[in-house]
Amino acid sequence: MLHDVVTTGVAPLFQNKCRAGLSILGICIGIASVLCMMALGEGAKKLIADDIDKLGGKNMFIFTTLHWIYKNGRFRWTPERFTIKDALAIEAECPNIISVLPTSEPVNRLIKTRRGDIKYSFVEGVTDIYADWMRWEVQEGRFFSVSDLDKATQVCVLGHQAATDLFGTDSSLGQELKFGIERFNPSTFVRFRVIGVMVSRGRHFESGTSLDDTICVSLSSALKRLDGTRHVGRLTVFFTPGADVNEVIQSARAVIRKRHRNTDAFAEHWTVKWTLKRMEHFETVMKIGLVGIASFSLFVGGIGIMNMCLVSVGEKTREIGLRKSIGAKRIDIFYQFLTESICLCHCGAVLGIAGGWFAAHGMARLAVRIVPILPEWPVVLSWHWMLISVIFSMFMGVSFGVYPARRAARMSPMDALRAEN
């Protein structure tokens, strides 16, 4: 019985290929558009997650220094700055904080090589554990040691792009660089020797800036030999997974207030989890909009399928009467036309999945060409969305096929045989 029902329900699709194709087009477009946008959205989430990993992971936040604060109705300059001792105090006194990385403020400095090549690049002072916590691997040479920090050794580590711009395909290990001390009009230089080159990390997804165009020096060298100060520009704080980020921030601010004359107004913080929350909110709004658009498209497609089924019922009126006269039951006629509707929607879902996959890859390639900040845009088409598409198509087939199937099943055999097709 099941074989006969499926055969009689599928046969009209092959007899009227053009009409069946036009009927399933609405279902196909609706499912393909939703899956395409979902695949691109999941790809964007993967890009942001990879971007966050490049910056140290999601269980971290950054304290930066404000030079001007708003107080008593106007902006006032503040002399308060972070120090290395602040980082040590926060790490020691806050229970949920694992590590604090003090770094100097990145400064765009003039760099000269022995051959006379000139390049402006951001120079940042870091500690010996910076590469480990920021998940930045060494490609060639080595990173800073504790001895480099203690002695303020004049050595540097190059980002992949900086090494390529300065030395091309030649090895940069052991080469000498001159760093301009003054930011805008350098006249005094400090010599540094290259001890390592880092692995390429690509570009920052949000800003589009290169993460490889940075030159790192030891924090002590940056403070003593380049900046001439004891203050650090930022504190990158790593905390235990699962800890409440707001509580961790407040505990760190309490330490800062204790060490800076009962004020923390100069300390501005940025956390990754806030960015993730904004992204999740945007994703929810996008999904609601896509579901609304897809529902309208699928409703229009369902009306088309119902219309085709009604036409099919009209064309097979005498066949219905003949089958009933030789013993076919109402349920048999009902299943025949309901199967036809379900098959139409199921074909639309399968074609929509394939169309959504191809459309997502096409749009991903187009996005990379229009905004060339990424080598590729990943397309992530999850299985649960494809399964939801198939289940929803079955539901659409049942919903829009019930009326034509009931109409066919309730026909009188005598009236059906007298009808003229």
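In strand β15, T64 finds its bridge partner in E268. That pair belongs to a predicted model of a protein chain with 13 helices and 15 strands.

**Strand β1**
- Strand β1 covers residues 60-65.
- Five of the six residues in β1 are buried, which leaves the strand mostly covered.
- On one side, β1 is joined by five bridges to β14, a strand of residues 234-239.
- β1 and β14 run antiparallel.
- Within that pairing, F61 stands opposite V237 of β14.
- Five bridges also join β1 to β15, which spans residues 267-271.
- The β1 and β15 strands run antiparallel as well.

**The four-stranded sheet**
- Which strands make up the open sheet, and in what order? The order is β5-β14-β1-β15, with antiparallel pairing.
- Why is one side of β5 and of β15 left without a neighbour in the sheet? Both stand at the edges and each has a single partner strand, so one side of each has no neighbour there.
- β5 is the stretch 97-103.
- From one strand to the next, the twist averages 20°.
- Helix α3, residues 84-93, packs on this sheet.
- The strands that α3 touches are β5 and β14.
- The direction of α3 makes about 175° with that of β5.
- As a general rule, strands of a sheet pair through backbone hydrogen bonds, either parallel or antiparallel.

**Helix α7**
- Helix α7 runs over residues 219-227.
- Which residues of α7 are buried? They are L219, S220, S221, A222, L223 and L226.
- An α-helix has 3.6 residues a turn, so residues three or four places apart point the same way.
- Just after α7 comes G228, with a positive phi of about 65°.

**The whole chain**
- The protein chain has 421 residues, and buried residues make up 46% of them.
- Take the contacts between residues at least 6 apart in sequence: 76% of these join residues at least 24 apart.
- The chain exposes about 22,200 Å².

Note on methods:
Residues are numbered from 1 along each chain as its sequence is written. This is a predicted model: local features need pLDDT of at least 70, side-chain atom pairs count only at pLDDT 80 or more; totals for chains, interfaces and linings use all residues. Side-chain values use heavy atoms; hydrogens and water are left out. Helices (H or I, at least four residues) and strands (E, at least two) are DSSP runs, numbered from the N terminus. Buried means under 20% relative accessible area, exposed over 50%, partly exposed in between (1.4 Å probe, protein chains only). Contact means heavy atoms within 4.5 Å. Accessible areas come from the Shrake-Rupley method with a 1.4 Å probe; for residues, only the protein chains shown count as cover. Two strands pair if DSSP finds at least two bridges between them. Axes are lines fitted to C-alpha atoms, for helices over the stretch in contact, and angles run from 0 to 180 degrees between N-to-C directions.
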